[in-house]
Amino acid sequence: MAHPLFRRESPHRLVGIPLLARPCVLCGLRSQSGSLCTFCRHALTTPAQQLRCSRCALALPPLALLACPDCGAGQLSLQATVAGFDYEHPGDMLIHAFKISRRLEMAAVLAGLMVQQWRRHGPVLNAACRVIPVPSQRSALLRRGFNPAAVLARRVAHSLGLSARLHSVVAPSRDGQAQKNLGRQARRQAMRGAFSVRESLLGSDVLLVDDVLTTGATLDALARACRVAGASSVYALVAARAPWKWKAS
């Protein structure tokens, strides 16, 4: 299917689209299907159908036959992870508009894609499952003015009929920028013990929500904290999953 972000569309393909239809938030074409036009929705969700690691949602590279190269050796502390789309063009434009440009209306689009993929690929969650966002560091909150994961978690919980716990976790005080320079294993080790949960999760299932999953170190640390608090199962739902890239550990 041709995509207006990559190739100029023939005017004949636009015949039949109502003049009062809403513009697509990515390409600007009028859309009959809501905030995303058919072309952009196809471009976002089609790659999500490829073979993925069930534990960290990584689109598996060629020859990844025995273990996921991102979480296999690290034993990520999650039962399953689902991603709305991959963190690459054009999906990265949605994340940038939401987080950097502070276009909060994008939260509905992102949460919709996340819930859609969860219903297709995620396990059935019981009604008592708690939805917990990854907390932002204080410096990020001051700079951005909001926690993207919390905004998404509220919408995801509402769509799935679950309870959102937006203030259950104490955010880490360490410098997140320094973590970006570390390899996968070093970053995961540095994040150990970074979070603490303020309430008992004894016997509860937990769904963690974040905007972008890169190496999984943050979600792994938060999942471990939830297990310490008594959670029986911990899953994750993210808006975007970064593709695998080699980086020495």
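## Cysteines and disulfides

How many disulfides does the chain have? The count comes to 0, where a disulfide is a pair of cysteine sulfur atoms within 2.5 Å. In general, a disulfide is a covalent bond between the sulfur atoms of two cysteines. The cysteine sulfur closest to that of Cys27 belongs to Cys37, and because the two are 3.6 Å apart, they are too far for a bond.

This is a predicted model, in which local features need pLDDT of at least 70 and side-chain atom pairs count only at pLDDT 80 or more, while totals for chains, interfaces and linings use all residues. Residues are numbered from 1 along each chain as its sequence is written, and side-chain values use heavy atoms, with hydrogens and water left out.

## Buried or exposed?

Cys27 counts as partly exposed because its relative accessibility is 22%. Cys53 has a relative accessible area of 12%, so Cys53 is buried.

Ala43 counts as buried too, because its relative accessibility is 17%. You can find Ala43 in helix α1, which covers residues 38-45. Helices (H or I, at least four residues) and strands (E, at least two) are DSSP runs, numbered from the N terminus. Ala43 and Pro90 are 47 residues apart in sequence, yet 7.5 Å separates them in space, C-alpha to C-alpha.

## The sheet and a helix across it

Now look for the open sheet: its 5 strands come in the order β3-β9-β8-β4-β5, with parallel pairing. Its edge strands, each pairing on one side only, are β3 (80-86) and β5 (163-164). Two strands pair if DSSP finds at least two bridges between them. Strand β4 (residues 130-133) runs parallel to β5 and is joined to it by 2 bridges. Val131 has Ala164 in β5 as its bridge partner.

Helix α2 (residues 91-99) lies across β3, β8 (205-213) and β9 (233-241), and runs at about 95° to β3. For such angles, axes are lines fitted to C-alpha atoms, for helices over the stretch in contact (heavy atoms within 4.5 Å), and the angles run from 0 to 180 degrees between N-to-C directions.

## The whole chain

Stepping back, the protein chain has 8 helices and 9 strands. Of its 249 residues, 49% are buried. Among contacts between residues at least 6 apart in sequence, 74% join residues at least 24 apart.

Notes
Buried < 20%, exposed > 50% of the residue type's maximum accessible area, 1.4 Å probe, protein only.
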